[in-house]
Amino acid sequence: MEPIVVGLVGITHPHASARVRALRQIDGVEVVAAADDDPRLKYFTDKYDMEPREIDEILQDERINAIMVHSKSKDMVAHARRALEAGKSVVVEKPGGGTVEDLLALAEAEAEAAPGQIVQVGYNVRLAQSIARAKELIESGAIGEVVTVSARGAALVGEHLTQHLNQPADMGGALWIIGCHMLDSLVHMFGAPESVNARVHKSSRLSDDRSREDSASVLLNYPDMSITFSFDGHDHLEWFESSRICVYGTGGMIEVGILPQRLRVYVDEDRAEWQAGWTEWTQSHFTPPFARTELNKFSELPELENISNFHPEMRGWVDSIRTGAPVVSPVADALAVARIVDACYRSEKDRGASIEVAPA
């Protein structure tokens, strides 16, 4: 079993500590060092028992063979490219950059990487058991042919005002940085749409000059199917608790919950192991709070309480490095998400006009 020795470039993204904790539960994996010019680096490395270093030190360390990038969006691709040039595999925090151009550059860097180097983007909601099982059911034909899909995503109330969602170099705010999770899950389940119609809104009652958009209504257009996606930044429930994907087919329907993970399946007649009527599965009945403490709930360094989706994400990354297994969250899908969000912003400028999404 090949040892995986991991270093972090950037530590302020909320997902950094979650991935460290998930990785350390995998045999043969070490997380040894982190670099960031943020003054909280020492706090982070002390708490998670690793060395604070400079970026060059981490990249030049021959023992380190994998890098996690948790920097500001605008710097993600530059860090990933340097790590690849140093011979490391990388996981780049979602959305993988600040713009479509960044994702195109990341795809180029991946194409230029040496054989065996893995590039994964940090989308992990797609790896929820509920989504994975729903995808299997759809592909098996359990609910017949999919006709329509209705999805919802949200950010915690107040988060749309934070610096994290309003970085100047990013192409958008809450829809781009948070809404991308659910859009990625839809791309994972159904592929990319041909075009998008969208209205992206900022409420003068609920937002101020610190923020960009706080809600969006999106229509994803496929050749023989449509998906509606609603998003807002004013959710009083816990993280992803109100997020849903509802899939309607010619022979039944599936309702997918994200956190807590749950699945409700309806089929109109006995089919395979499914009896006619409703079947329900729930992983848990209470959603742990998004952040471990209220004090740092909206800081750039919250330590997530519920990390269930990070376990399959990190196992997938390690398996890809060790065995060449398919990447569980590929750059191509992250690029598709970036193009969808960009199309949403362009559609809003044209009052909801249909905007084509560039093919892969």
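Contact here means heavy atoms within 4.5 Å. The model shown is predicted, with local features needing pLDDT of at least 70, side-chain atom pairs counting only at pLDDT 80 or more, and totals for chains, interfaces and linings using all residues. Residues are numbered from 1 along each chain as its sequence is written, and side-chain values use heavy atoms, with hydrogens and water left out.

**View 1. Surroundings of His164.** His164 sits in the loop between strand 7 (146-156) and helix 7 (174-177); helices (H or I, at least four residues) and strands (E, at least two) are DSSP runs, numbered from the N terminus. Leaving aside neighbours within four places in sequence, the residues in contact with His164 are His13, Pro14, Ile177 and Glu300. His164 has a relative accessible area of 11% and is therefore buried. Buried stands for under 20% relative accessible area, exposed for over 50%, and partly exposed for values in between (1.4 Å probe, protein chains only).

**View 2. Helix 1.** Helix 1 spans residues 15-23 and is mostly covered, with nine of its nine residues buried. Among them are His15, Arg19 and Arg21, along with Ser17 and Leu23.

**View 3. Crossing of helix 8 and helix 10.** The axes of helix 8 (residues 179-190) and helix 10 (residues 331-349) come within 9 Å and cross at roughly 120°. Axes are lines fitted to C-alpha atoms, for helices over the stretch in contact, and angles run from 0 to 180 degrees between N-to-C directions. The two helices are therefore oblique to each other; angles under 35 degrees count as roughly parallel, over 145 as roughly antiparallel, 65 to 115 as roughly perpendicular and the rest as oblique. Helix 8 passes helix 10 in a right-handed crossing, that is, with the near helix turned clockwise from the far one by less than a right angle. Helix 8 contributes Cys180, Leu183, Asp184 and Val187 to the contact, and helix 10 contributes Asp333, Ala336, Val337, Ile340 and Val341. By class, this contact has seven nonpolar, no polar and two charged residues. Ala, Val, Leu, Ile, Met, Phe, Trp, Tyr, Cys and Pro count as nonpolar, Asp, Glu, Lys and Arg as charged, and the others, Gly among them, as polar.

**View 4. Cysteines without a disulfide.** A disulfide is a pair of cysteine sulfur atoms within 2.5 Å, and by this rule the count is zero. The sulfur of Cys180 is too far for a bond, because the closest cysteine sulfur, in Cys344, is 12 Å away. For Cys246 the closest cysteine sulfur is also in Cys344, at 19 Å, again too far for a bond. Cys180 is buried at 0% relative accessibility, and Cys246 is buried at 13%.

**View 5. Two cis peptide bonds.** The bond from Lys94 to Pro95 is cis, with omega near 0°. Pro95 belongs to the loop between strand 5 (89-93) and helix 5 (100-112). The bond from Leu259 to Pro260 is cis, with omega near -5°. Pro260 belongs to the loop between strand 12 (252-257) and strand 13 (262-267).

View 6. Phe240, a residue other than glycine, has a positive phi near 65°. Phe240 lies between strand 10 (225-235) and strand 11 (244-249), in the loop, and is buried at 4% relative accessible area. Ala272 has a positive phi near 55°. Ala272 is in the loop between strand 13 and strand 14 (277-282) and is exposed at 79% relative accessibility.
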